[in-house]
Each structure stands twice: as structure tokens, then as C-alpha cells.
Amino acid sequence: MRLSRYFLPVLKETPREAQIVSHRYMLQAGMIKQSSAGIYSWLPLGFKMLRKIENIVHEEQAKAGHIAMLMPTLQSADLWRESGRYDGYGEEMLRMKDRHDRDMLFSPTAEEMFTDTFRSYLKSYKDLPLTLYQIQWKFRDEVRPRFGVMRGREFLMKDGYNFDLTKEDALHAYNRHLVTYLRTYERLGLQAIPMRADSGPIGGDYTHEFLVLAETGESEVFYDSAVTDISLGKRDVDFDSHDQCQSIMDEFTSLYARTDETHDEALFNAVPEDRRRVARGIEVGQIFYFGTTYSEPLGATVDDGKGGQTPVHMGSHGIGVSRLLGAIIEASHDDKGIIWPEGVTPFHCGILNMRQGDDACDAACEDLYQQLTNAGLEPLYDDRDERAGAKFGTMDMIGLPWRITVGPRGLKDGKVEVTSRRTGESEEMSPADAVARIVGVYAGL
């Protein structure tokens, strides 16, 4: 993409309404524009990042055998009355009536809708196990929406629902989701710690939420520092293996990690003193097992193969896709702007032309742009007739992992400058070597 042809409304001033880094930088980098309290328009750079994160979530769900679909954002109140949650959910649910005076609601979650889909089409134990999911917009009418996309009223969320014959099978689905989520966060350059949590209005006996450590986190967390040393890395995972998924679950949850809502001081004190940590965390996902809480009242049963009917065991699993974007920025930034991880970045590399209109500089930049594009990467070429300081400022703010700077002085020696946004280190090399360096970085991901 050529920056002269892109819509990137970067702000020079610091927005007064932004209280945390991610909100400030998303506004300054031209990623979002507030429409009303807690509701945002996603401008091209923000929308591009949203889709990048969404694609990674889809890929990891597919590896685990989960099946994508899409539910409506507007739901009938009848289903919620059938499950018993309509009156008890609270004022966060946006309720409305259609022109026929029927009660409707804007989906805050979708347990009822997925359960209704299951009961409509699936009747036999032979259809199990099954996990369906969607990535869809949700609305929760927060009393005090704040912190940009971190606590907005409208948000993009992946919510999945497993249907299993037995509790044992459903707990395997629970463990499987823990593994898929950890793999997802690692690909996004995040270290998310699974912590026992309160189930809230979703209900259920088993639940873990995933928190990214950040000073602006809404939850106080207590954890054993050893938990941050564990990584799935490049491990091959057999998602059908109960033993392997249980083993990974045990590995990540055997060490103490709790939010302030479930903190057990006695257990925390049993952790070696030099490994006890207290910090703040941003919730980026949660998994639940709730058994037959929804299947019984909604009649989601299957033939058990023995002549009887049995309600299916269920769980739900959510990832805040739009919230993840804010969490990445909170975890990866400096005083100049965003620092995108190489695994998820809007553009793989920036090309900065120090003297637009100079024949040699223009030709070198065009050649770099074409070579990187032909290699399957997405470069962002700053071809604007703009002063160098403004170009550097834009590149630093939007946080692309790598930058190639092309200037007339370096080109006289056959050199361009390659800079890592994360470390700030620069190295001069030939344009061909610069392309090879950038291509090599992403080839390993």
C-alpha cells in the first residue's frame, strides 16, 4: 500500500478523552473514531488489524476442529424467557420492541441461540461431540464505558459452544479450548495467564479467564511468577487426545494464578516468597463448563443409544477480538507509539523515502516495494511529499515492526537502513539484503 493513496488520519495532538495508552494511540494512529459513548467506527488501519486478529482466531479454532457459523445480532426475547435469563440478566442487555410489538434484544451473548440451533437439527449421540462458534458483534450497555475498545459497549467477540454426551467429554472440550486460546495468544505476541474465575451471569461450575499483565488492567491478580515461563511454543497438539489436553491444562493451571475475586491468601502464601507476584491484568478471554444449565430448560437432548433421551453437556468459550487489539497495544508500546508484534501487524514493513522526487530514491523505493510484495508481504510505502520528521513520526506511531529508510546519501554507497521498531537498532545494508532480511523474519513465523 502507498501511503499517499491510503486513508490514515494520524493525529498530532493527544486526545483529551483518552485515559490509557491503547485508547490514546488508537485515536492518534487513526485506527478508530468515537461514534458515541463506548461505540467506535473502525477506520482502515484499525479494521485491518481487527481482521488480522480475527483470522488468527479462526485458524486456531479450525485446527481444533471447531466449526464457524454466524448468528443474528438481534434476538427474540422468547428464547431468553425460555432459558430463564431474560429478566435476570440486568440492565446491560439492550432491550427493544419491533414494529409488531415483539420483545427483542441486541445479543450480549449467544448461549440460547446456539442451543436452539442444536435442538432443531441434532437428535442422536452419534452427532457428538460438536463445537460451533462465531465471531460476531455484541452489545452490553455498560454504565460507564471507558478506556476505548477495552471497555466499550459494542465489541467484536468470538463465542464458541461445545455439545457433548458426558461431563467427561465436555471437560475435554474445556481443556481443548484452553489450549487453543493459549496458542492464539502466543501467535498474537501476548502472554495470557489462565486464572480461575467467577462465572458471573453465564453460570457453571468450571471457568478460567485469561489475563494479560498490564498496568491498566481492571483486575488485580496474584500469581506464581513461574507461570510466565511456560510456553506452548511449536508443540504439536493432538486435540483429540484427552490425555495431552489434560496434561497441558495441568501444566498451565497447577501454579497459583488467581484474580482478586477468587484469591486464596493461604494458597498464595504457600508459593515461594521470591515467586509471589501481585499485578494488574486485562481479561482477553474466558472459558466455561456449565453442564446442562441451558440444554435442560431448552430441551437440547439426544438419543443416548440405550432407548432414552439425555440432555447434552455444554460449555461456552469467548475471546474479545476487538479488546485483544487494545491489549496488544497496552502490552507492546513505547513513548513514540505502538510496537506491533511480528505475528500480527497491519503491514509487515514500512518503506520511508527520505527525498520524494529524487530519481534514485524513488526508483530504489519502488524496487523494494515490488520485491517485498512479490515475496508475499504487505509493505507500506510512505511516498508522501512530506518532511522527514513527519514520516518518522508516522512510522513510529503506527508501530510497524520493521522500517527500511532510503536516502540519497546512503544510496551513493549502495546502502539503505533497516530498523527494528522494537529494539530501535539500525543497520545499513544493500537493498537486496534488506529484502532478504525482512522476508527471512516472516518466513520463520
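Predicted model: local features only at pLDDT ≥ 70, side-chain atom pairs only at ≥ 80, totals over all residues.
## Helix H1

Helix H1 spans residues 21-28 and is mostly covered, with seven of its eight residues buried. The buried positions are Val 21, Ser 22, His 23, Tyr 25, Met 26, Leu 27 and Gln 28.

Among the strands it includes S1 (32-36), S2 (39-42), S17 (333-334) and S18 (337-338). Helices H9 (321-331) and H11 (388-398) also contribute to the cover. After H1 comes Gly 30, which has a positive phi near 70 degrees.

## Strand S16

Strand S16 runs over residues 313-320, and eight of its eight residues are buried. In a regular strand the side chains alternate between the two faces of the sheet. In S16, both faces are covered. One side carries His 313, Gly 315, His 317 and Ile 319, and the other carries Met 314, Ser 316, Gly 318 and Gly 320; all of them are buried.

S16 has antiparallel pairings with two strands, S8 and S13. With S8 (residues 154-164), the pairing extends over eight bridges, and Asp 164 stands opposite His 313 of S16. With S13 (residues 276-291), the pairing extends over six bridges, and Gly 285 stands opposite Ile 319 of S16.

## Thr 131

Thr 131 belongs to strand S7, residues 130-139. Its relative accessible area is 5%, below the 20% limit, so Thr 131 counts as buried.

Setting aside residues up to four places away in sequence, Thr 131 touches His 66, Ile 67, Tyr 161, Asn 162, Arg 176 and His 177. With Arg 176 there is also a polar contact between the two side chains, at 3.0 Å. As for Ala 266, 135 residues from Thr 131 along the chain, the C-alpha atoms of the two residues are separated by 38 Å.

## Lys 234

Lys 234 sits in the loop that links strand S11 (219-224) and helix H6 (242-253).

Beyond its neighbours within four places in sequence, Lys 234 is in contact with Gly 444 and Leu 445. Between Lys 234 and Ile 53, which are 181 residues apart along the chain, the C-alpha separation is 19 Å.

Definitions and conventions. Residues numbered from 1 in each chain as written. Heavy atoms only, no water. Buried < 20%, exposed > 50% of the residue type's maximum accessible area, 1.4 Å probe, protein only. Helix = DSSP H or I, 4+ residues; strand = E, 2+ residues; numbered from the N terminus. Contact = heavy atoms within 4.5 Å. Polar contact = N/O pair within 3.5 Å; in protein donor to acceptor, adjacent residues only side chain to side chain. Pairing = 2+ DSSP bridges.
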